[in-house]
Amino acid sequence: MEAIDSVVDPLRDFAKDSVRLVKRCHKPDRKEFTKVAFRTAIGFVVMGFVGFFVKLIFIPINNIIVGSS
């Protein structure tokens with residue numbers, strides 16, 4: 001019985017915490033949604049530029065190391 005309780009108790013706690021989280025969640029209003037969407041878009045653009053500039057910097061370095069045969 002102890003082995004079953006050691007498996008069931010964490011699952012029961014997880015289910016209880018999950019229900020509490022879902023009850024606290026709410027649908028964002030238009031202002032909150034636009035704010036989150038705008039910040040997410042800015043993050044995508046920044047990460048795109050970082051990736052582009054890293055690629056731009058490492059292409060000549062790779063050509064120097066490998067050599068243009």
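Biologist: Is Cys-25 buried, partly exposed or exposed, and what is its relative accessible area?
Modeller: In this predicted model, Cys-25 is found in the loop between helix H1 (2-24) and H2. A residue counts as exposed when its relative accessible area is over 50%. Cys-25 is therefore exposed, with a relative accessible area of 51%.

Biologist: What distance separates the C-alpha atoms of Cys-25 and Val-45?
Modeller: Val-45 lies in helix H2, whereas Cys-25 is found in the loop between H1 and H2. Along the chain the two residues are 20 residues apart, and their C-alpha atoms are separated by 28 Å.

Biologist: How far apart in space are Val-45 and Met-1, C-alpha to C-alpha?
Modeller: Val-45, a residue of helix H2, counts as partly exposed at 47% relative accessibility. In sequence, Val-45 and Met-1 are 44 residues apart, and in space, C-alpha to C-alpha, the separation is 55 Å.

Biologist: Is the aromatic pair of Phe-49 and Phe-53 stacked, tilted or edge-to-face?
Modeller: Being four residues apart in helix H2 (residues 30-66), Phe-49 and Phe-53 are separated by about one helical turn. The model has two aromatic pairs by the rule that ring centres lie within 6.5 Å. In one of them, Phe-49 and Phe-53 have 6.2 Å centre to centre and 20° between the planes. Planes under 30 degrees apart count as stacked, so the pair of Phe-49 and Phe-53 is stacked.

Biologist: Which residues do the ring pairs link into a cluster?
Modeller: Phe-53 is partly exposed, with a relative accessible area of 43%. The rings of Phe-52 and Phe-53 have their centres 5.5 Å apart and their planes at 65°, so this pair is edge-to-face. Phe-52 is partly exposed at 48%, and Phe-49 also counts as partly exposed, at 49% relative accessibility. The cluster linked by ring pairs consists of Phe-49, Phe-52 and Phe-53.

Biologist: How much accessible area do the residues of the nonpolar surface patch have together?
Modeller: Phe-38, which is found in helix H2, is exposed, with a relative accessible area of 57%. Phe-38 is one of the residues that form the nonpolar patch on the surface, and the others are Ile-42, Val-46, Val-50, Val-54, Ile-57, Phe-58, Ile-61, Ile-65 and Val-66. Together, the residues of this patch have an accessible area of about 960 Å².

Key
Residues are numbered from 1 along each chain as its sequence is written. This is a predicted model: local features need pLDDT of at least 70, side-chain atom pairs count only at pLDDT 80 or more; totals for chains, interfaces and linings use all residues. Side-chain values use heavy atoms; hydrogens and water are left out. Rings of Phe, Tyr and Trp (its six-membered ring) pair if their centres lie within 6.5 Å; planes under 30 degrees apart count as stacked, over 60 as edge-to-face and the rest as tilted. Helices (H or I, at least four residues) and strands (E, at least two) are DSSP runs, numbered from the N terminus. Buried means under 20% relative accessible area, exposed over 50%, partly exposed in between (1.4 Å probe, protein chains only). Patches are made of residues with over 30% relative accessible area and no salt bridge: like charges are joined within 9 Å, nonpolar side chains (Val, Leu, Ile, Met, Phe, Trp, Tyr) within 5 Å. Accessible areas come from the Shrake-Rupley method with a 1.4 Å probe; for residues, only the protein chains shown count as cover. A salt bridge is a side-chain nitrogen of Lys or Arg within 4 Å of a carboxyl oxygen of Asp or Glu.
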